[in-house]
Amino acid sequence: MKPTPKTSVSIFPYRAEFKSVFFELNAEWLEAYFLVEPYDLKVLQNPQEMILNLGGEIYFGAIGDEIVATFALTPQSTRSIELNKMAVRKDKRGLGIGNQLMDYVLQRCQARDFNALELYSHTKLESALHLYRKYGFVEIPVPNNCVYDRANIRMELILKQR
């Protein structure tokens, strides 16, 4: 049984007026742990082209009127989607926001009838990996052509059998 979140977050779809917030939340997270890679810049500067036009979705999490989190879902095939660009503002981490985002992610995947949800991460991000494992993600091989230089772990959650 999941603990009750310390702070309730409202989640809403991407709006162009918040494009800079999408960039800033992700850049803050990336710079804290790694660096902003060229592929990240391309996605963060062009979310319409790199995510939305490909059938993907971007969401924001807000506490009141303040946007404190974001994530994206980018289709990888007709049956698989990637969770990416998930970030929670530094001063709001540890409040259960990640759990609320993951619950919403799974609702969206179910609504869109995907079989699998995948993600890329890094083994030094212990709290993120704990969250993913808690939701049932398991490690799978990182492909040689991975677009993220920092990724040393790939995980997948089977949503339903093919």
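**A helix pair and its salt bridges**

Modeller: The crossing of H1 and H2 is right-handed (the near helix is turned clockwise from the far one by less than a right angle). The model is predicted: local features need pLDDT of at least 70, side-chain atom pairs 80 or more, while totals for chains, interfaces and linings use all residues. Residues are numbered from 1 along each chain, and side-chain values use heavy atoms, without hydrogens or water.

H1 spans residues 19-33 and H2 residues 38-45 (helices are DSSP runs of at least four residues, strands of at least two). Their axes lie 9 Å apart, at an angle of about 160°. The two helices are therefore roughly antiparallel (over 145 degrees).

Which residues meet? From H1 come Lys 19, Phe 22, Phe 23, Asn 26, Ala 27 and Leu 30. They meet Asp 40, Leu 41, Val 43, Leu 44 and Gln 45 of H2 (heavy atoms within 4.5 Å). Seven of these contact residues are nonpolar, two polar and two charged.

Now the charges. The whole structure holds 12 salt bridges (a Lys or Arg side-chain nitrogen within 4 Å of an Asp or Glu carboxyl oxygen). In one, Asp 113 pairs with Arg 79, closest N and O atoms 3.5 Å apart. Asp 113 sits in the loop between H4 and strand E5, Arg 79 in the loop between E3 and E4, so the bridge ties parts 34 residues apart in sequence. Asp 113 is partly exposed at 39% (from 20% to 50% relative accessible area, 1.4 Å probe, protein chains only). Arg 79 is partly exposed too, at 31%.

How values were computed
Axes fitted to C-alpha atoms, helices over the stretch in contact; angles between N-to-C directions. Parallel < 35°, antiparallel > 145°, perpendicular 65-115°, else oblique. Nonpolar A, V, L, I, M, F, W, Y, C, P; charged D, E, K, R; others polar.
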